[in-house]
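Here is a short tour of one protein chain, written for reading alongside the structure. Keep the viewer open and follow along from one site to the next.

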Amino acid sequence: EFSYVFIVNLVDKRFPSVGRKEAIPIPDALVKDVVPEGDWHLEEERRLFYVALTRAKSGVFLTSAEDYGGVRKKKPSRFLMETGFSETKPQHTGTVLFDASEVHSAKTETTPPELKFLPRSFSFTQLKSYETCPWQYRFAFLLKVPTPGKPSFSFGKTIHNTLYEFFRRIKEANELSQAGLFDTPQEKNAKHTAKNPTRDDLLELYESKWINHWYPSKRLRDEYYEKGKEALKRFYALHEKQWPTVLMLEKGFQVRVGKYLLKGAIDRVDQTEAGIEIIDYKTGAFPKTGQKDIQQLALYALALKEVFHLDPVKLTYYFVEDNKPLSVAVDGSELETVSQWALERIDGILNGKFEATPGMHCSYCDYREICEYRAH
């Protein structure tokens with residue numbers, strides 16, 4: 001039992017939900033022992049509703065709404081109608097925090113009161129979110145509305161963690177080899193221990209770093225797992241015996257742009273014959289156009305110059321699934337452009353400019369269901 005119970009989504013086709021055929025049907029003879037007649041799924045949902053009602057010590061809250069993000073208004077749940085509360089008029093049960101005029105004002109106000117939660121430093125992800133839609137930024141980084149995980153999140157994290165550990169071992173082996181520490185038996189043993197990891201080592205790392213969360217089904221999880229495994233096999237075959245000289249891995253930074261602080265972490269920095277190269281892993285598909293904005297990499301190049309006093313000559317997105325790099329040469333004017341881009345967005349955030357910019361991006365926005373400005 002609980003002091004209070006909330007029963008939500010009391011609308012048609014949500015609670016009770018739409019009946020689905022059982023993967024392994026229960027024989028009718030057994031079902032009749034429990035539910036003599038009627039819709040078995042509906043009766044099971046009704047029992048669940050009853051259980052929820054009878055678990056409250058002090059009060060039960062039944063909630064429903066007409067708008068859950070679709071084009072049609074929702075009808076009340078049959079369970080809500082059966083309780084007799086479906087036609088209940090709203091009544092104030094406590095202190096009124098906003099009257100009608102204040103609610104209207106809050107909806108049209110462009111400078112929300114949560115400005116006191118403005119950040120002191122900014123990341124590329126924050127600035128990109130603000131560029132897409134300032135109202136989306138408000139949901140994500142001021143109100144901090146949580147969003148459900150996605151398969152792409154856990155898969156991307158798995159690949160990043162795997163490659164980090166793989167190249168950490170390569171970097172360690174390379175440093176020990178160059179140090180010339182292998183004269184004694186102990187040092188020879190260290191050399192053997194620190195040798196470059198094999199393909200089997202890479203796949204074992206993948207297995208150990210695998211994140212199971214956020215996959216809606218075993219089938220989809222298995223598909224992602226096999227896709228990642230095959231991509232890493234191709235990755236190893238492509239780069240075997242020509243592993244790079246790694247200078248940095250997952251290198252965090254904080255850099256000043258104007259009077260503001262930008263933060264982030266660079267996946268990998270290599271020393272090549274041509275000079276310093278910045279690599280950022282991507283687990284999405286290689287762009288069909290063969291082009292991608294380099295704002296993120298340009299910010300990393302800026303940090304590398306200002307914080308670590310290194311001059312990168314090449315910026316690379318490495319698309320792991322396709323095993324294809326997308327590289328551009330470092331352009332000084334591009335670094336100036338990205339600095340101005342960052343400053344403009346930070347100024348907008350700090351000045352409370354959070355006007356919504358609905359458009360095609362609304363269709364994949366994490367906050368679509370709760371956004372009053374979404375494009376339909």
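## A serine in a loop

Let's start with Ser-77, which sits in the loop between strand 2 (56-62) and helix 3 (78-83). Please keep in mind that this is a predicted model. Is Ser-77 buried or exposed? Its relative accessibility is 0%, and the cut-off for buried is under 20%, so Ser-77 counts as buried.

Which residues does Ser-77 touch, leaving aside those up to four places away in sequence? They are Leu-10, Val-11, Asp-12, Phe-15 and Pro-16.

## The chain as a whole

Stepping back, the chain contains 12 helices and 8 strands. It has 376 residues, and 34% of them count as buried.

Contacts across the sequence are worth a look too. Taking the contacts in the chain with a separation of 6 or more, 69% are between residues 24 or more positions apart.

## Helix 9 against helix 10

Now find helix 9 (residues 199-209) and helix 10 (residues 218-239), which pack with their axes 10 Å apart and at an angle of about 155 degrees. Angles over 145 degrees count as roughly antiparallel, so helix 9 is roughly antiparallel to helix 10. The crossing of helix 9 with helix 10 is right-handed.

On the helix 9 side, the residues in contact are Arg-199, Leu-202, Leu-203, Tyr-206 and Glu-207. Helix 10 meets them with Tyr-224, Tyr-225, Gly-228, Lys-229, Leu-232, Lys-233, Phe-235 and Tyr-236. Sorted by class, this contact of helix 9 with helix 10 has 8 nonpolar, 4 charged and 1 polar residues.

## Aromatic rings

Some of those tyrosines turn up again in an aromatic cluster: Tyr-206, Tyr-224 and Tyr-225 belong to one cluster together with Phe-155, Trp-210 and Tyr-215.

How many aromatic pairs are there? The count comes to 30 aromatic pairs. One of them joins Phe-139 and Tyr-367, whose ring centres are 5.2 Å apart with 20 degrees between the planes. Planes under 30 degrees apart count as stacked, so this pair of Phe-139 and Tyr-367 is a stacked one.

Where in the chain do Phe-139 and Tyr-367 lie? Phe-139 is in helix 6 (residues 134-142), while Tyr-367 is in the segment after helix 12 (332-350).

How values were computed. Residues numbered from 1 in each chain as written. Predicted model: local features only at pLDDT ≥ 70, side-chain atom pairs only at ≥ 80, totals over all residues. Heavy atoms only, no water. Axes fitted to C-alpha atoms, helices over the stretch in contact; angles between N-to-C directions. Helix = DSSP H or I, 4+ residues; strand = E, 2+ residues; numbered from the N terminus. Parallel < 35°, antiparallel > 145°, perpendicular 65-115°, else oblique. Left-handed = near helix turned anticlockwise from the far one by under 90°. Contact = heavy atoms within 4.5 Å. Nonpolar A, V, L, I, M, F, W, Y, C, P; charged D, E, K, R; others polar. Phe/Tyr/Trp six-rings, centres within 6.5 Å; stacked < 30°, edge-to-face > 60°. Buried < 20%, exposed > 50% of the residue type's maximum accessible area, 1.4 Å probe, protein only.
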